[in-house]
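Subject: Structure for your review

Dear colleague,

Please find below the structure that I am handing over to you, followed by an account of what was found in it.

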Amino acid sequence: MKLLATVALCLGSLASPAWAQDAYPSRTVRLVVPFPAGGPTDVFARQYAARMSAVLGQQMIVENKAGAAGAIGSTEVARAPADGYTLLFATASTHGLYNLLSKSPKYDSLDDFSPVAIVGSAPAVVVVHPSGPADLAALVAAVKANPGKLQYGSPGTGTFLHLAGEMFKTEAGGLDIPHIPYKGSAPAMNDLIGNQVGMVIDTLGTSLPQHRGGKARILAVASAKRSELAPDIPTVDEALKIKGFEAGLWNLVAAPAGTPQPVLTRLQAATARVMADPDVQAQLRKLGIDPVTESSPAAARAFIERERARFKPVVAAAGVSID
């Protein structure tokens with residue numbers, strides 16, 4: 001009897017981790033947004049969390065942990081227990097650029113996280129004042145004729161949109177367009193509308209209202225194809241024949257490194273179900289976000305690797321650091 005009890009106890013202890021993973025989630029899941037409430041990333045995360053709550057059968061709550069360009073919230077998740085109950089709603093800035101820009105990084109976007117899926121991307125756009133060039137080719141011609149005269153604004157030094165602007169300058173022929181960093185997209189757009197700066201690099205969703213209102217003009221979108229939200233706006237490739245020029249402010253759901261595979265599989269399956277919902281897709285497109293409906297942990301990791309490799313020479317050439 002004592003032997004049977006011992007065997008039963010051993011079998012029970014071996015089975016319990018698998019049972020715990022199969023039962024995931026059994027309590028509230030925390031989704032950390034490493035940026036302030038109210039911004040595009042936060043709005044997207046809250047829509048995602050609400051739908052995931054329904055699919056998972058447990059509440060997913062959003063917590064904003066802003067600061068240090070997303071590093072504070074990201075570091076908190078990297079150091080959290082790897083049990084699937086603390087997740088990060090990451091961005092191109094936190095997982096594509098951070099380790100390229102920081103000389104003393106608090107985390108590594110590949111080593112310290114287990115990606116779940118890429119969920120969306122907001123394409124960057126080139127925007128000018130209504131009195132500016134009529135199209136992107138005219139803008140490039142004007143810059144080449146008067147190097148250094150046109151300046152462009154971005155949400156800040158080291159942000160994804162700043163580096164998208166630097167990539168554009170290089171791939172459009174080494175354009176001389178000095179950068180002016182702002183504290184966010186809104187003040188940059190305000191100065192563009194006031195004709196205090198000639199060009200801004202922004203996202204489609206945030207700049208489209210000004211474009212449609214005649215206060216600004218979007219010359220091109222940095223995506224593989226035209227956006228369903230604004231099919232009249234050409235891509236950078238169409239405007240300048242820069243093959244494959246893409247710059248999107250993407251979003252990623254990630255867990256701490258070492259999260260059990262069954263938990264990642266459950267999260268990925270639930271995410272795929274949420275992102276396949278036509279209503280979710282329609283809501284995201286209204287925000288200027290292209291939903292990603294097919295992603296996986298392996299595909300997400302490979303995507304991060306490609307983005308880091310793609311932007312490494314851009315960061316080096318710009319000589320940018322966030323430390």
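This is a predicted model: local features need pLDDT of at least 70, side-chain atom pairs count only at pLDDT 80 or more; totals for chains, interfaces and linings use all residues.

Residues are numbered from 1 along each chain as its sequence is written, and side-chain values use heavy atoms, with hydrogens and water left out.

Pockets

Rolling a probe the size of a water molecule over the atoms shows where empty space is left. The search runs on a 1 Å grid over the protein atoms alone; a pocket is an open set of points where a 1.4 Å probe fits, with protein on both sides within 12 Å along at least five of seven lines, and lining residues have an atom within 4 Å of a point. Grid points are joined across faces, edges and corners, and a volume is the space filled by probe spheres set on the points. Helices (H or I, at least four residues) and strands (E, at least two) are DSSP runs, numbered from the N terminus.

The largest pocket has a volume of about 960 Å³. Its lining consists of 37 residues, and those nearest the centre are Phe35, Pro40, Thr41, Pro155 and Leu249. Two or more lining residues come from each of α2 (40–56), α4 (92–101), α6 (160–171), β7 (199–203), α8 (204–212) and β9 (248–256). Helix α4 gives the largest share, four residues. By class, the lining holds 20 nonpolar, 15 polar and two charged residues. Here Ala, Val, Leu, Ile, Met, Phe, Trp, Tyr, Cys and Pro count as nonpolar, Asp, Glu, Lys and Arg as charged, and the others, Gly among them, as polar.

The second largest pocket has a volume of about 700 Å³. It is lined by 30 residues, with Ser121, Ser223, Ala224, Glu246 and Asp290 nearest its centre. The elements giving two or more residues to this lining are β4 (113–128), β9, β10 (290–291) and α12 (297–318). The largest share, six residues, is that of α12. This lining has 13 nonpolar, seven polar and 10 charged residues.

Backbone

The peptide bond from Tyr24 to Pro25 is cis, with omega near -5°. Pro25 is placed in the loop between α1 (2–22) and β1 (29–33).

Two residues other than glycine may be noted for positive phi: Ala68, near 55°, and Lys241, near 60°. Ala68 is in the loop between β2 (60–64) and α3 (71–78), and Lys241 is in the loop between α9 (236–240) and β9. For relative accessible area (1.4 Å probe, protein chains only), buried means under 20%, exposed over 50%, and partly exposed in between. Ala68 counts as exposed at 52%, as does Lys241 at 68%.

Helices α3 and α4

In α3 the buried residues are Ala71, Gly73, Ser74, Thr75 and Val77. They are covered by elements including β1, β3 (86–91), α4, β4 and β9, where contact means heavy atoms within 4.5 Å.

Asn99 lies in helix α4 and is buried, with a relative accessible area of 17%. Beyond residues up to four places away in sequence, Asn99 touches Pro105, Tyr107, Asp108, Ser109 and Arg308. Its side chain makes a polar contact with the side chain of Arg308 at 3.5 Å. A polar contact is a pair of N or O atoms within 3.5 Å; within protein, one must be able to donate a hydrogen and the other to accept it, and residues adjacent in sequence count only if both atoms are side-chain atoms.

Aromatic rings

The whole structure contains eight aromatic pairs. Rings of Phe, Tyr and Trp (its six-membered ring) pair if their centres lie within 6.5 Å; planes under 30 degrees apart count as stacked, over 60 as edge-to-face and the rest as tilted. The rings of Tyr24 and Tyr85 have centres 5.1 Å apart and planes at 65°, so this pair is edge-to-face. It links distant parts of the chain, 61 residues apart: Tyr24 is in the loop between α1 and β1, and Tyr85 in the loop between α3 and β3. Both Tyr24 and Tyr85 are buried.

Phe168 and Phe245 also form an edge-to-face pair, with 6.3 Å from centre to centre and 75° between the planes. Phe168 is in helix α6 and Phe245 in the loop between α9 and β9, 77 residues apart. Both Phe168 and Phe245 are buried. Finally, Phe44, Tyr48 and Phe89 form one aromatic cluster.

With kind regards
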